[in-house]
Amino acid sequence: METIRANWYDYPHLYDIAFGWDPSGELDFLEEAFRRFAKRTVRVVFEPFCGTGRIAIGLAGRGYRVSGLDINEAAIRYARQRCEQFGVELDLAVGDVCDWVPSEPVDAVVTLIDSFRHLCTAEAAATAMRRFHAGIAAGGVLIVGLDVGKKPAHVEEEQHWTAQREGTVVETLVFDLRKPGQTPGTSIVRSVLHVSEPDGRKYKVLTDDEFRLYTLASFKQLAREHGPFELVAVHDLHYDFERPVTSPDPSDIVVVFTRS
Ligand SMILES: C[S@@+](CC[C@H](N)C(=O)[O-])C[C@H]1O[C@@H](n2cnc3c(N)ncnc32)[C@H](O)[C@@H]1O
């Protein structure tokens, strides 16, 4: 089987199949977080690292005015096609979140699926936090999904699932190689898409990417120092407000901050 070593985000049609589950649980969670924690009505939302527009398109479909930004041109091109397909309007742009300056203040910044950890250096992470703080209106919220914590070596960390669309089957594996990246404070995460096309072609797309490492405490500190943002909720990926996370050192979480 051919192995293509590439940036998997350059294959947005495959990424969108792999992550193409029904986002309504995530969208319900975001809306509930807006209602519970924002001290203003949330109408304008920004999604940094928006990728193929999964969440941004869903929020626009629920009536929010949404903008999205991604550094990958192919992802934004694909997201634009999907907007046309779903008949929703989004303000999408190609760019680095560290350079984000909104045309108007937003009520919420939301980014799920561990995207913030793509910012490998402490400087980039701090810059993005400061940008978010400057862009969110007083009383707004910042909602971030990320994998935190240091699992013991014996804990199996691999995530593995299969999805398909119109005859293309994508089996996804994501695991931390537990090898430090070139940037201090990162490790290498390997993602492998095993693809089976309707014409019988089979290949793999393999990506090694640096991800910045956080604990819940260190991410909270980043948000406090470069906002300040105040942490108001920690949940796991059940996206269920009845299931708050109580461990001081959890792993896959979604955190809600308020901006005073
Ligand atoms: C996990 S994917 C997107 C997930 C998307 N938020 C979702 O919920 O489906 C992460 C995205 O971050 C983008 N990205 C990485 N570094 C970035 C940066 N510095 N600025 C903007 N986008 C970035 C990648 O191109 C990729 O599309």
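Mentor: Begin with the criterion for contact: two residues are in contact if their C-beta atoms, placed from the backbone, lie within 7 Å. Please keep in mind that this is a predicted model.

Trainee: Into which domains is the chain divided, and how many residues of domain 1 are in contact with domain 2?

Mentor: The chain is divided into domain 1 (5–147 + 213–259) and domain 2 (150–212). By the contact criterion, 19 residues of domain 1 meet 21 residues of domain 2. The C-alpha centres of domain 1 and domain 2 lie 21 Å apart.

Trainee: Which helix gives the most to the side of domain 1 that touches domain 2?

Mentor: Helix 1 gives the most to that side, with three residues. Helix 1 (12–18) and helix 5 (122–135) each supply at least two residues there. In composition, this side of domain 1 has 12 nonpolar, five polar and two charged residues.

Trainee: How many residues does the largest nonpolar core have, and which of them have the most contacts inside it?

Mentor: The largest nonpolar core has 66 residues, and those with the most contacts inside it are Leu-14, Ala-33, Val-45, Ala-108, Val-141, Leu-142 and Ile-143. Strand 6 (residues 136–147) provides the largest share of this core, six residues. At least three residues of the core come from each of domain 1 and domain 2.

Trainee: Which residues does Ile-143 touch?

Mentor: Leaving aside residues up to four places away in sequence, Ile-143 touches Leu-30, Ala-33, Ala-108, Val-110, Val-254 and Val-256.

Trainee: Why is helix 3 described as largely enclosed?

Mentor: A residue is buried if 20 or more other C-beta atoms lie within 10 Å of its own. Seven of the eight residues of helix 3 are buried, so helix 3 is largely enclosed by the rest of the structure. These are Arg-54, Ile-55, Ala-56, Ile-57, Gly-58, Leu-59 and Ala-60. Their cover includes helix 2 (24–37), strand 2 (44–48), strand 3, helix 4 (73–86) and strand 5 (106–111). Helix 3 is followed by Gly-63, whose phi is positive, near 100°.

Trainee: How many residues surround the ligand, and which are the closest?

Mentor: The ligand is surrounded by 20 residues, the closest being Phe-49, Gly-51, Ile-71, Asn-72 and His-118. Helix 3 (54–61) and strand 3 (65–70) are the elements that give two or more residues to this shell. The shell divides into 12 nonpolar, five polar and three charged residues.

Key: Residues numbered from 1 in each chain as written. Predicted model: local features only at pLDDT ≥ 70, side-chain atom pairs only at ≥ 80, totals over all residues. Core = buried A, V, L, I, M, F, W, Y, C linked by C-beta atoms within 7 Å. Buried ≥ 20, exposed ≤ 12 C-beta atoms within 10 Å, placed from the backbone. Helix = DSSP H or I, 4+ residues; strand = E, 2+ residues; numbered from the N terminus. Domains from an automatic or database assignment. Near = placed C-beta within 6 Å. Nonpolar A, V, L, I, M, F, W, Y, C, P; charged D, E, K, R; others polar.
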